[in-house]
Amino acid sequence: MKGRSIRLFLVDGAPGGIITAEIMNWTGHVLFGPRSRLADLIQREEVKRTGVYFLTGLDPEGGYKPMVYVGETDHVGKRLAQHNKDESKDFWERVCVVTSKDQNLTKAHAKYLESRLISITNAVGRGMLVNSTQPDYAQLPEADTADMEFFIEQIRVVLPVLGLDFLREAPRVNNRGSEVSADAVAKPAYDVPTFELNSKKYSLAAEAKEIDGDFVVLAGSKAQTDWIGQETNSSYKTLHQQLSETGILVADQGSENLSVFREDYAFRSPSAASAVILGRSDNGRMTWRVKGTKKTYADWQEEQISGVEGEEL
């Protein structure tokens, strides 16, 4: 993938305030900010237009995934003011508004974008979608549909830069074991090995690859069925439970104490992956090893850093 240039502007001069984001040659405009600045945000001209918006925040019950609400409206500012009074949506802490600089987004366009973005958020699985319904795609002419799909591609580029990952599709691994991402992201400059985690005590084995910043545990890897750690409020314990409830981890027919990954799953770190697999908190940097060797993930990463330092010297 070629490099992209995204222009970020800190409206308040501070990273925690209101931020605008634009991509050259894209008519879209992104406005992002904390709920605490809502009074200032809804006074801006951008939010008086037709557009789509995202409300995001942490799960108050301690869930591992952020909660996300996707909406559309003819006047984003008025709708956000309504949501601020809605106690059923009290979870949100940040808001992201997407409109068009040329103001050519129509109500039909916005409905199409809303439906597609809800569908993508559901499919990606990085966020907990709050929407109770998923509206059907608005019927658009063929050319408009193509324009809106391009519009969505740009949204999916910008939002992760702002720290919103719920539209960023998880990478997948092909049958030959080499990494590929859904967006055909180029392989990194260094060769990424397969990592393995083996536990004789629990008779389990798992494999993973690091792809595009995610630590992807491969389908067929085994994990503890139950959380055996003493931690009561661990986010990894919650994640372990969620993966079982959503069918990512399913019962292993060969052992009543083990589950198996039904599909590849992207974790944020080696430690998150090893904790879920072992059913307790764990330092994955020391537990995962390069397949077929005794080299830990930490050792392997240090080799990459040392190699770069050596080249620069």
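The model is predicted, and local features need pLDDT of at least 70, side-chain atom pairs count only at pLDDT 80 or more, and totals for chains, interfaces and linings use all residues. Residues are numbered from 1 along each chain as its sequence is written, and side-chain values use heavy atoms, with hydrogens and water left out.

Q: Why is Val98 called buried?
A: Buried means under 20% relative accessible area, exposed over 50%, and partly exposed in between, with a 1.4 Å probe and protein chains only. Val98 has 0% relative accessibility and therefore counts as buried. Its place is in strand β6, where strands (E, at least two residues) and helices (H or I, at least four) are DSSP runs numbered from the N terminus.

Q: What does Val98 touch, not counting residues up to four places away in sequence?
A: Contact means heavy atoms within 4.5 Å, and by that criterion Val98 touches Trp26, His29, Val30, Gly51, Val52, Phe54, Phe151 and Ile155. Val30 lies 68 residues from Val98 in sequence, yet their C-alpha atoms are 4.6 Å apart in space.

Q: Why is Ile18 called buried, whereas Arg44 is called partly exposed?
A: Ile18, in the loop between β1 (6–10) and β2 (19–23), has a relative accessible area of 2% and is therefore buried. Arg44, in the loop between α1 and β4, has a relative accessible area of 23% and is therefore partly exposed. Ile18 touches Arg44, and its other contacts include Phe9, Leu31, Phe32 and Leu41; Arg44 in turn touches Val11, Ile18, Thr20 and Leu31. The C-alpha atoms of Arg44 and Gly77, 33 residues apart along the chain, are separated by 8.4 Å.

Q: How do you know that the buried residues of α2 are on the same side of the helix?
A: In α2 (residues 76–85) the buried residues are Val76, Gly77, Leu80 and His83. They cover an arc of only 120° around the axis, which puts them on the same side of α2; the arc is that of the directions from the helix axis to the C-beta atoms. These buried residues pack against α1 (38–41), β4 (51–57), β5 (67–73) and β6, while the face turned away from them carries the exposed residues Lys78, Gln82 and Lys85.

Q: What puts the buried residues of α5 on the same side?
A: Leu239, His240, Gln242 and Leu243 are buried in α5 (residues 235–245). Their arc around the axis is only 165°, which puts them on the same side of α5. What covers them includes β13 (222–224), β14 (249–251) and α6 (270–278).

Q: Why are α3 and α4 called oblique to each other?
A: Helix α3 (residues 107–124) and helix α4 (residues 142–161) pack at an angle of about 50°, with their axes 10 Å apart. The axes are lines fitted to C-alpha atoms, for helices over the stretch in contact, and angles run from 0 to 180 degrees between N-to-C directions. Angles under 35 degrees count as roughly parallel, over 145 as roughly antiparallel, 65 to 115 as roughly perpendicular and the rest as oblique. The two helices are therefore oblique to each other.

Q: Which residues make the contact of α3 with α4, and how do they divide by class?
A: Among them are Tyr112, Leu113 and Ile120 of α3 and Met148, Phe151 and Ile155 of α4. By class, the contact has nine nonpolar, two polar and four charged residues, where Ala, Val, Leu, Ile, Met, Phe, Trp, Tyr, Cys and Pro count as nonpolar, Asp, Glu, Lys and Arg as charged, and the others, Gly among them, as polar.

Q: Why does Asp212 count as partly exposed?
A: Asp212 has 34% relative accessibility and therefore counts as partly exposed. It is found in the loop between β11 (204–211) and β12 (214–217) and has a positive phi of about 50° although it is not a glycine.
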